[in-house]
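Work through the exercises below with the sequence and the coordinates open. Try each task before reading its solution.

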Amino acid sequence: MAAMDTILCHVHFGVVLVTTLFIYLVSFSATAASNGGFSVQLVHRNSPKSPFYNHNKTPMMSKKPQSRVQANNGQYLMKLSLGNPLFDVYGIADTGSDLLWAQCVPCEGCYKQIKPKFDPKKSSTYSDLPCGAQECSLVPNSCSTENVCSYHYEYGDGSVTRGVLAKETISLESTSEKGTVALKGIAFGCGHNNTGVFNQDDMGLIGLGGGPISFISQVAPLVGGKKFSYCLVPFHTDPSIESKMSFGKGSEVLGNGVVTVPLVPKDDTFYFVTVEGFSVGDKFLPFDSSGKVEKGNIFLDSGTPPTYIPTDLYDRLAAELRKQIPMAPIEDDPDLGNQLCYRTKTNLKGPILTVHFEGGANIKLTPTQTFIPPKDEVFCFAMIGDNSGVNIYGNFAQTNFLIGIDLETKVVSFKPNDCTKD
C-alpha cells in the first residue's frame, strides 16, 4: 500500500487477482541474536500456528492444512504483541508506508475484524502522545484541540486510519532461551476509525517504509542498524510453510547470486529503484518507448500484490507474451476483464521475464512470479497497466527472492531463493 500523504494515486487491486489469493502472517518469533538483530517468521493465515486456523474446516494431512483461503488480497501479515498484558496483533506488512497502527476500542465505523481489538485502557504501558511530541510532527494531519496527537493517515487505494498517536511496548516472541524481546516506547497509531480495503483478518498495519516514524526507523537503534531483509513464499505454497523476515545487524543479503541495486533518494518512505526495461525471453522492451530512463521510476511495495507499470509498457509486454506463449489466451470469460490469462491445469512453462535494473543488474522472474491463478486452471499475468504516473513493484514479483533493504548503504539486494526452505 502506498501512503497517501506522500503519493496520491489510485492503487486499484485487480478484480480477479484479489478474490482468491492467500494470506500469510509474519509471526514475530524474534531471534535476539548477539549481533543485535532479530528475525521474524511469516506464517500462512491457515497454518495450524495461526490464530485464524480452523480445525473444523481444515482437513489435516501429515499435519499440513490443505484448505483454500479466499479474499485476502494477497497480503502478508506480521504478528507482534502490544502492551502489558500482551495483546497479539496481526497487521499487514507494508514497505509502502510508515505508520504502525492497530484497531483500537472504541472503534466507530471501523471495518469488521474477527479478532478482538486492542483496548488501550487495559494496558499498563500505554500512553497517549501530546501535540508537542516530536513523533506527532512526523504524522500527517495530526494534533487536536485537546492536546492529544490525533492523526488522519490515508493510503493510495483510498483506505484511511484515524485515531490517536501513542507510545507502547512492543513484545516479540524469541526463538532463543531468552524469552520475549520487549521494545519500549514505540510510537504507534491507536486507530478508532479505520476504513478501506482491509479484510476481517487484518488487525492493523505495520509500516516498513523508510520514514522516521516507521517501524524500521524506530527499532534501528535497538537492533544494530536501519536495514532488514525478507523472503516471501509464493501465495500458493503449502500453508504450513513459513518464511522469515530479519531486522538490523546480520540481516544483510550476501553470497553467490546476489544482485545489488542502488536506492534512489526521491522520498523518505518509498524504496525507489530504476528499471531500464524488461526482457521476454530474449526480446528486450525498454521501460519507456522513447528509450529515456527516469531515475527511480518504480518502488518496492510488499503491501500491493500485482506490479503496476505504464499502460504502454504493459501493452508491449502482453503482446510479446502472446507471441511467445504457444497457446491461445482466454477471450470469453467476463470475470477476467481484459487481463492476459491462459487456461491450463499447471502454471506456464515460460517464458522467463528479466528485469533490467540500472547498472547492468538483472534478475529473472519465472511464471511462479509472473502468472497467478485467480481460479482453478486459469493463470493470469500479474502486472497491471496504469497511467497514474506511480509505478509499483508488487509482492508477486518479489516472491522467492531474499530481498535486503539497507538504508545505511542505500541499496536493495536480490538473491534468488526457495523461500519455502528458508
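The exercises that follow concern backbone geometry, disulfides, a sheet and aromatic contacts in a predicted model.

**Exercise 1. Positive phi**

Solution. 
- Step 1. Most residues other than glycine have a negative phi.
- Step 2. Glu 377 is not a glycine, yet its phi is positive, about 60 degrees.
- Step 3. The position of Glu 377 is the loop between strand 25 (371–375) and strand 26 (378–381).
- Step 4. The relative accessibility of Glu 377 is 42%, so Glu 377 counts as partly exposed. The class covers values between the 20% limit for buried and the 50% limit for exposed.
- Step 5. Asn 400 also has a positive phi, near 60 degrees. Asn 400 lies in the loop between strand 28 (392–393) and strand 29 (401–406).

**Exercise 2. Disulfides and their handedness**

How many disulfides does the structure hold? Assign a hand to the links Cys 107 to Cys 110, Cys 136 to Cys 149 and Cys 231 to Cys 419.

Solution. 
- Step 1. The structure has 5 disulfides.
- Step 2. In the link of Cys 107 to Cys 110, the S to S distance is 1.9 Å. The torsion about this S-S bond is about -85 degrees, so the disulfide is left-handed. Cys 107 counts as buried because its relative accessibility is 18%, under the 20% limit.
- Step 3. Cys 136 and Cys 149 are joined with 2.2 Å from S to S. The angle about the S-S bond is 95 degrees, and the link is right-handed. Both cysteines lie in the loop between strand 9 (127–128) and strand 10 (150–154), 13 residues apart. Cys 136 is buried, at 2% relative accessible area, and Cys 149 is buried at 0%.
- Step 4. Cys 231 and Cys 419 have their sulfur atoms 2.0 Å apart. The torsion here is about -80 degrees, so this disulfide is left-handed. The pair links distant parts of the chain, 188 residues apart: Cys 231 is in strand 14 (residues 227–231) and Cys 419 in the segment after strand 30 (411–416). Cys 231 is buried at 0% relative accessibility, and Cys 419 is buried with a relative accessible area of 0%.

**Exercise 3. A sheet and a helix**

In what order do the 3 strands of the open sheet run, and which helix lies across strand 22, strand 25 and strand 26?

Solution. 
- Step 1. The order is 22-26-25, with antiparallel pairing.
- Step 2. Strand 22 and strand 25 are the edge strands, each pairing on one side only.
- Step 3. From one strand to the next, the twist averages 35 degrees.
- Step 4. Antiparallel pairing of strand 22 with strand 26 runs over 3 bridges. Tyr 342 has Phe 379 in strand 26 as its bridge partner.
- Step 5. Helix 3 (residues 311–324) lies across these strands, at about 140 degrees to strand 26.

**Exercise 4. Aromatic contacts**

Classify the ring pair Phe 270 and Phe 299 as stacked, tilted or edge-to-face.

Solution. 
- Step 1. The whole structure contains 20 aromatic pairs.
- Step 2. The ring centres of Phe 270 and Phe 299 are 4.5 Å apart and the planes meet at 45 degrees, so the pair is tilted. The angle falls between the limits of 30 and 60 degrees.
- Step 3. Phe 270 is in the loop between strand 16 (259–262) and strand 17 (271–273), while Phe 299 is in strand 20 (residues 298–300). Both are buried.
- Step 4. Ring pairs also link a cluster of Phe 215, Phe 228, Tyr 230, Phe 247 and Tyr 271.
- Step 5. The charged end of Lys 266 sits over the ring of Phe 272, 4.7 Å from the ring centre.

Terms used
Residues are numbered from 1 along each chain as its sequence is written. This is a predicted model: local features need pLDDT of at least 70, side-chain atom pairs count only at pLDDT 80 or more; totals for chains, interfaces and linings use all residues. Side-chain values use heavy atoms; hydrogens and water are left out. Helices (H or I, at least four residues) and strands (E, at least two) are DSSP runs, numbered from the N terminus. Buried means under 20% relative accessible area, exposed over 50%, partly exposed in between (1.4 Å probe, protein chains only). A disulfide is a pair of cysteine sulfur atoms within 2.5 Å. Two strands pair if DSSP finds at least two bridges between them. Axes are lines fitted to C-alpha atoms, for helices over the stretch in contact, and angles run from 0 to 180 degrees between N-to-C directions. Contact means heavy atoms within 4.5 Å. Rings of Phe, Tyr and Trp (its six-membered ring) pair if their centres lie within 6.5 Å; planes under 30 degrees apart count as stacked, over 60 as edge-to-face and the rest as tilted. A charge sits over a ring if NZ of Lys or CZ of Arg is within 6 Å of the ring centre and within 35 degrees of the ring normal.
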